[in-house]
Amino acid sequence: MRKPQKRRFPSALWVISLTLLVLLTLSIAPPARAAPYVITIVSVETTDQAGNPRNVFWRGELVMIKVKLSCPGGGYSPVSYPYIQFVRTTSPDLRMVYLGFMSSTISSGENQSSTSGFTVPLTATTGQYKVKVMLSNTLPSNPQFQALAEPKQTTFTVI
Amino acid sequence: MIGRKKIRRSVIKGTACICFAIAAFALALQSARAQPPYSITVTTDRNSYSRGDVVTITGTITPPDQGVDVGVEVRGPGGATIWIDIVTTDFSGNYFSQFRLDPSAPYGVYTVWASPTGSNTNSWCEFTIPQAAETTTTVTISGRTYTIVRVVTTAVPQTTVTEFAGTVTVGTTVRVVTGTTETKLTKETTSVTLTQTQTTLSKETTSLTLTETETTTVQIFDPVRLVKWWASEPAVQVGVPIFLVGVAPAVLIFAIIRRRRKQEKRRMEELDRLEGKSQAEE
């Protein structure tokens, strides 16, 4: 007597198709559009002339802004990324009091640190000042513009 | 034997369907992950400003997308960069940057550039700081005297006062002792609209009437906007048709195969039963 062969294939097909459906549903879910940043701004801090962290300054004092960058990756053939670093400081009334440009190159797996500074004008308004550090490959007036790191902010107070 | 062949054929068809579905899925996933090329618009809230004014830069990227970095740069008449910013788009693809012009900003034409990251495109617009007779003068509102910090010579019938030094109510008459027709007063957090009701009475006197009082901006979570955002997601735009074209027919084919296999199984059982019966008869 010939027994009908028992096949598992149809159930496997169903499993595969259901898996596909689940995966497709996941792909339809809104993806968090993570920008492809190649550099990370690790920290932005304000210091005094001696390099001690400080976030309260008097008018006429020198504010130093210390920026630490890191470029993930590395390995046998590190990739180099030329970048422009913008350090912008705005007063409480949205006036730009300082804009620093720095052009450099960072390689994957490398950490860099830079410090720039400015003197708080004697006529500066008191209050909370914002320091924003941005990294890009070129200026936004160039169509090739690309942000290379997520901008990072810190604040200090002028009394 | 014929039944087995049929099954084999069905299995091949089924495998082909799976391959197609996987390919479709991969395509959908790739389309969803790839950053589309954006076009961008940029505009300022006004065409002309005075020194010390706040410039508001807004724009939109197309197709609308959230979390896209946009570089904003403002260059002065001499070509020097006076403002730089990297901002991120919201649900609707809108971005925003704001700064105050320096009190000693040079007169002339300023250019605003905006560029979405990695799209090889940018857009620009212009605004001017016209060389106007900016004078400090006084204004009298309900018997109180305030200082005008901005005087614009262009004859615009309506201007928004974003700063005002005092509480005013609708219908208050503002007497401006100056030779110009448009004024801006000082105080933060108050926004009133001044509508000119009468042109210059004499060269030194202008009468203005307040038609609106303070305005407040309230941010409300808008679920409709969220739905619109979902609908505008490229993953949805690609994924749904791919699902309809790729996976749905594949599932249908699998169902047909399974049904045929069941029929085949039943036939074989019947054959076995008949064979057994005939053997028993023999």
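The model is predicted. Chain B contains 3 helices and 15 strands. In chain A, 5 strands form an open sheet with mixed pairing.

**Chain B overall**
- Chain B has 282 residues, and 29% of them count as buried.
- Take the contacts in chain B with a separation of 6 or more: 66% of them involve residues 24 or more positions apart.

**The open sheet of chain A**
- The strand order in chain A is S2-S8-S7-S4-S5.
- Strand S2 (56-57) and strand S5 (96-107) of chain A stand at the edges. Each has a single partner strand, so one side of each is left without a neighbour in the sheet.
- Strand S4 (residues 80-90) and strand S7 (residues 127-136) of chain A run antiparallel, joined by 7 bridges.
- Within chain A, Ile84(A) stands opposite Ser136(A), a residue of S7(A).

- Ile159(A) sits in the segment after strand S8 (152-158) of chain A.
- Ile159(A) has 8 other C-beta atoms within 10 Å. A residue counts as exposed at 12 or fewer, so Ile159(A) is exposed.
- Beyond its neighbours within four places in sequence, Ile159(A) is in contact with Val56(A), Trp58(A) and Thr126(A). Of these contacts, Val56(A) belongs to edge strand S2 (56-57) of chain A.
- Ala124(A) lies 35 residues from Ile159(A) in sequence, with a C-alpha to C-alpha distance of 9.5 Å.

Conventions: Residues numbered from 1 in each chain as written. Chains lettered and ligands numbered in written order. Predicted model: local features only at pLDDT ≥ 70, side-chain atom pairs only at ≥ 80, totals over all residues. Helix = DSSP H or I, 4+ residues; strand = E, 2+ residues; numbered from the N terminus. Buried ≥ 20, exposed ≤ 12 C-beta atoms within 10 Å, placed from the backbone. Contact = placed C-beta atoms within 7 Å. Pairing = 2+ DSSP bridges.
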